[in-house]
Structures are given as structure tokens and as C-alpha cells.
Amino acid sequence: MSVGILAHLLGKQPFRELAAKVAAFDFPYVQLALSKAVSDVDFSLGKISPGLACEVGGAFADNRVRIAVLGCYASLIDLDDESYRHNVDRFKEHLRYARHFGAPIVATEVGKPADRSRLPEYGERLDRALEELVEEAERWGVTIGLEAAQGHLVDSPETMAQTLERFPSSCVGVVLDPCNLLNAANFERQDEITRLAFELFGPRIVSAHAKDLKRDANGDLIETAAGLGELNYPLFWRLLEQYKPHGFVTLEAVTEEQCAAAARFVREGRGF
């Protein structure tokens, strides 16, 4: 199994230096969140162009590193009209120029509701956003990667499946992080939840994240590098290879010192 990394985990820096550093760690691809990872370019709304995207993508290609996923983490459910419009337009801009970066996927978590009593309104915002984004993705032949996360409107296998059912376009897929489906209340049922995720949307998975969870002295879950926690990775790897062999897997929640061992754990099942 191949493994890449969230590029910003290696430090925010000029894009040519970042590309070289990723290559030095022997990662063949990255998930690149432009504003988090690159220090020498302004990627604010309206600034991306084909030339800029080709320049950045070319620097990674020169180092034999692919940009597997563009990360565009922006709330798609904001109830403030100005913020909502900015976030949707920014995501659309990433979709338009993704091919010039060499990226087939643009990914995001959908956003955290600030007021749980207004969930129907947040749901309406998400649907309205995805209607626009799906049209844009289909126009440019790019995949939207939705990622579930605790505290977000989409936070479980069920809420992800419901979203996909409303938007059956082949340009909408899932970035699966099994840890993001788990919390202190359901951690003991992690195998059931992992299996359910694959049953509900295994064919729609377009990328995966690899981190781990472990319980502290108080029983709270804390994130750590893949291989250092309690996630049932043999089950996850088996299902991932069954549904999506040779798919993108990117490391998350690692330090630079942990990169080599975590990557070995993903590739070979052994590491720390």
C-alpha cells in the first residue's frame, strides 16, 4: 500500500522547498491545503490562475511527487451569507484549477453547526452549496471529496450516506478517515462502525487518511500517529484493499520524527 502525507505537517514554507522536502521523506504524493502549506504565494479568493497552479504543480512534479488531493477546508454550512458565499466560491475556484495543479480531488469537511437547534437550516445550506459545487465539478471533471468529522454536520457513516444519496453524482466521493467516525461513546464499537462505513459508501471512497486514536488516563480519545493507538488497522486495511485497492492514503497527526515509522506501518503493517 502506498502512502502520502498532508503537506502542511512538514511545515509551512515556500512551495519549491516544500516539494523537495516531501520528496526527501520519500512520499510519492501529498494532500495539499494551499493556504496551510505554502508560505510564499497568496492563494486568497481570486488569486489562483492556470499559470500559478501549473507553477506549483510543476514544482512537485519535478520532485516526482503528485498532488493527489487539494485540501480546501471551508465551512459549507455557514449561516452568515457573506461567509457562506466566500467559502463556496473559494471551493469552486479550487475545482476550476485543480487539473492545473495535477490534482484529481478537492476535499473538505463540511463544517460545524454553531447552534444545534438550527440543524435544518445548516442542512439547507449544505445542499445549496453542493448543488453549485457538483455542477462545477462535473464541468471540470474533478472529484469532490467529502470527509466526515466529529462535531460536523456530516459526522458518521449514516450522515455521510444520506448526503451521498442526495448527491449521487460520480463527481462526489468520500475521503475516509475511520478515526473521524469515532468518539468516546462509540469507540468500543469501532469494528462495527468501520464495516458500516464500507457497506454504505465503500464504492464512493476516493482517498483515505491514516492516523490513530488512543485513550488517555481519563478515558478521553486523543489523536496520534498511525500505529501508536488502538484503531483496528488490520480490519481497515483489509476493507480498503477490498473496496479500493491501490487508493491514496495520506498520513495525518504525525510529527516529522514519526514520518518514517508511520509510513512503514501503512506500507508494511509494521513501524514503531
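Does Ser-207 count as buried or exposed, and at what relative accessibility? In this predicted model, Ser-207 has a relative accessibility of 2% and therefore counts as buried. The residue belongs to strand S7, which spans residues 205-210. Leaving aside residues up to four places away in sequence, Ser-207 touches Val-69, Ile-105, Val-174, Val-175, Leu-176 and Phe-248.

Strand S7 is part of a barrel. Eight strands close in the order S1-S2-S3-S4-S5-S6-S7-S10, and their pairing is parallel. From one strand to the next, the twist averages 30°. Strands of a sheet pair through backbone hydrogen bonds, either parallel or antiparallel.

Strand S4, residues 105-109, has bridges to S3 and to S5. S4 is mostly covered, with four of its five residues buried. Strand S3 covers residues 66-71 and runs parallel to S4, joined by three bridges. Gly-71 has Ala-107 in S4 as its bridge partner. Leu-70 stands opposite Val-106, also of S4. Towards strand S5, residues 143-147, S4 forms five bridges, and these two strands run parallel as well. Here Glu-109 has Glu-147 in S5 as its bridge partner. From S4 the chain crosses through H5 to S5, a right-handed β-α-β crossover. A right-handed β-α-β unit is also made by S3, helix H4 and S4, with H4 covering residues 81-101.

Helix H4 lies across S3, S4 and S5. Its direction is about 145° to that of S4.

Ala-129 gives a view of helix H5, which runs over residues 119-140. Its relative accessibility is 0%, so Ala-129 counts as buried. Its contacts include Leu-76, Tyr-84 and Val-88, when residues up to four places away in sequence are not counted. Tyr-84 and Val-88 fall within the residue range of H4. Ala-129 and Phe-187 are 58 residues apart along the chain, and 32 Å separates their C-alpha atoms.

Two helix pairs were examined for packing. Two packed helices are described by the angle between their axes and the distance between the axes. Helix H3, residues 50-62, packs on H4 at an angle of about 45°, and the axes are 8 Å apart. H3 and H4 are therefore oblique to each other. The crossing of H3 past H4 is right-handed. On the H3 side, the contact is made by Pro-50, Ala-53, Cys-54, Val-56 and Gly-57. On the H4 side, Tyr-97, His-100 and Phe-101 take part.

The other pair is formed by helix H7, residues 190-201, and helix H8, residues 233-243. Their axes come within 10 Å and cross at roughly 10°. Angles under 35 degrees count as roughly parallel, and H7 and H8 are therefore roughly parallel to each other. H7 contributes Asp-191, Thr-194, Arg-195, Phe-198 and Glu-199 to the contact. These residues meet Leu-235, Phe-236, Leu-239, Leu-240 and Tyr-243 in H8.

H8 lies across strand S6 (172-176), S7 and strand S10 (249-251).

Methods. Residues numbered from 1 in each chain as written. Predicted model: local features only at pLDDT ≥ 70, side-chain atom pairs only at ≥ 80, totals over all residues. Heavy atoms only, no water. Buried < 20%, exposed > 50% of the residue type's maximum accessible area, 1.4 Å probe, protein only. Contact = heavy atoms within 4.5 Å. Pairing = 2+ DSSP bridges. Right-handed = clockwise from strand over helix to strand, strands pointing away. Axes fitted to C-alpha atoms, helices over the stretch in contact; angles between N-to-C directions. Parallel < 35°, antiparallel > 145°, perpendicular 65-115°, else oblique. Left-handed = near helix turned anticlockwise from the far one by under 90°.
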